[in-house]
2 protein chains.
Amino acid sequence: MRPTFMSFRWLLLYYALCFSLSKASAHTVELNNMFGQIQSPGYPDSYPSDSEVTWNITVPDGFRIKLYFMHFNLESSYLCEYDYVKVETEDQVLATFCGRETTDTEQTPGQEVVLSPGSFMSITFRSDFSNEERFTGFDAHYMAVDVDECKEREDEELSCDHYCHNYIGGYYCSCRFGYILHTDNRTCRVECSDNLFTQRTGVI
Amino acid sequence: MRPTFMSFRWLLLYYALCFSLSKASAHTVELNNMFGQIQSPGYPDSYPSDSEVTWNITVPDGFRIKLYFMHFNLESSYLCEYDYVKVETEDQVLATFCGRETTDTEQTPGQEVVLSPGSFMSITFRSDFSNEERFTGFDAHYMAVDVDECKEREDEELSCDHYCHNYIGGYYCSCRFGYILHTDNRTCRVECSDNLFTQRTGVI
């Protein structure tokens, strides 16, 4: 009997393994490019059931991420409970989409452009146990966009005293004629020549 | 007599050398950064006489160069014959500036932003033999700006059949659902499945 008992345990282990493998269709993709395209599994064919994929997009500081959809065809459901595409940051849900862009447009992205507040965006696609209507999923595009720190600086303590110059990926400050930039690279002060006179009388 | 004659020739050579050295204040600076600041020689002090400096700015393809001035104080003259700042491409003068932004504003840059049509811009500063009024020159800033090829493509042959996606430094094409992108990365054609039937009759 003992060998049969062992076989049964192995069988249990085998099923457990199979189950975990079928659930392992949930996976994460790390993206660090300045632009790219993401698509539902199997696109343009219909997406599989019980599927979960997360794309984590990270761009350098000084950039944001712009995301938009060129094709969107998911199962429609109340509050997108069944199949959905969720766009998030570390601590905030930016958007949740589901439905068909041809008929159930209420919760589809349409022409909407999702813009991340910072340099990170996470997109999760999830399908439930059935996809009988053969929904074809989505085709999305993302790209880094430059943050204009001169227009958008929220932190007044980091803003420039006189002039602010934005460039792709950052910004710097400069001062009006006759002033020099302090070592904090932000504040301006009157330029003092090398001939600074601190005595009341003297010889030049 | 021969040594004296030789000395005289050496003297000539010496003067020629001095003259060429004084003229050698003309020099060229190659710049390949995505942003930066350029200033007249000696800025913020007055610029020297008989001075010529050229800055050649080159940015990667897919970018243009934006140039603007925060301070401008040059000798004024008819057609900017005496002292000037000239902005050029390989084959085109984009702007010529001179004068004082406080009084002779006619030929000064003011708030003007000079945008290069391509990824190269050349800026030349030239002063004539005198700067008696101690003009203080200029302080200019440049930065690469992204070309939106999807909006600005002039060459219709390179435009996308269906969708155009701009990103910082370039662009790419994509197709509507059901079409695939041709290997030219531009045109779209109907997607053919692997089950392409070329016979009039057959068995599936």
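Let's start with charge pairs: a search of the whole structure finds twelve salt bridges over all chains, a salt bridge being a side-chain nitrogen of Lys or Arg within 4 Å of a carboxyl oxygen of Asp or Glu. Side chains of opposite charge can pair when their charged atoms come close. Before we visit some of them, please keep in mind that this is a predicted model, where local features need pLDDT of at least 70, side-chain atom pairs count only at pLDDT 80 or more, and totals for chains, interfaces and linings use all residues. Residues are numbered from 1 along each chain as its sequence is written, chains are lettered from A and ligands numbered from 1 in the order in which they are written, and side-chain values use heavy atoms, with hydrogens and water left out.

In chain A, Arg100(A) and Asp104(A) form a salt bridge whose closest N and O atoms are 3.1 Å apart. Arg100(A) has a relative accessible area of 24% and is therefore partly exposed; the scale used here calls a residue buried under 20% relative accessible area, exposed over 50%, and partly exposed in between, with a 1.4 Å probe and protein chains only. Asp104(A), at 25%, is partly exposed too. Elsewhere in chain A, salt bridges link Asp50(A), Glu52(A) and Arg126(A) into a network.

Now turn to chain B. Here Asp104(B) pairs with Arg100(B) in a salt bridge, with 3.1 Å between the closest N and O atoms. Asp104(B) is partly exposed at 24% relative accessibility, and Arg100(B) is partly exposed at 23%. Arg100(B) also forms a salt bridge with Glu133(B), where the closest N and O atoms are 3.3 Å apart. This pair links distant parts of the chain, 33 residues apart: Arg100(B) sits in the loop between β6 (93-97) and β7 (114-115) of chain B, and Glu133(B) in the loop between β8 (120-126) and β9 (137-146) of chain B. Strands (E, at least two residues) are DSSP runs, numbered from the N terminus. With 55% relative accessibility, Glu133(B) counts as exposed.

Staying in chain B, we come to an open sheet of five strands with mixed pairing, in the order β1-β3-β8-β5-β6. At its edges stand β1 (27-31) and β6 of chain B, each with a single partner strand, so one side of each is left without a neighbour in the sheet. On average, neighbouring strands of this sheet are turned by 15 degrees against each other, direction ignored. For pairing, DSSP must find at least two bridges between two strands. Strand β5 (residues 84-88) of chain B is joined to β6(B) by four bridges, and the two run antiparallel. Within this part of the sheet, Glu88(B) stands opposite Val93(B) in β6(B).

Back in chain A, Ser122(A) lies in strand β8 (residues 120-126). Ser122(A) counts as buried because its relative accessibility is 9%. Its side chain meets that of Asn56(A) in a polar contact of 3.0 Å. Among the residues that Ser122(A) touches, leaving aside those up to four places away in sequence, are Thr54(A), Trp55(A) and Lys86(A); contact means heavy atoms within 4.5 Å.

Our last stop is Gly169(A), in the loop between β10 (163-167) and β11 (170-174) of chain A. Gly169(A) is partly exposed, at 24% relative accessibility. Its C-alpha lies 7.0 Å from that of Val147(A), 22 residues away in sequence. Beyond residues up to four places away in sequence, Gly169(A) touches Asp61(A), Gly62(A), Phe63(A), Asp146(A) and Glu149(A).

Notes
Axes are lines fitted to C-alpha atoms, for helices over the stretch in contact, and angles run from 0 to 180 degrees between N-to-C directions. A polar contact is a pair of N or O atoms within 3.5 Å; within protein, one must be able to donate a hydrogen and the other to accept it, and residues adjacent in sequence count only if both atoms are side-chain atoms.
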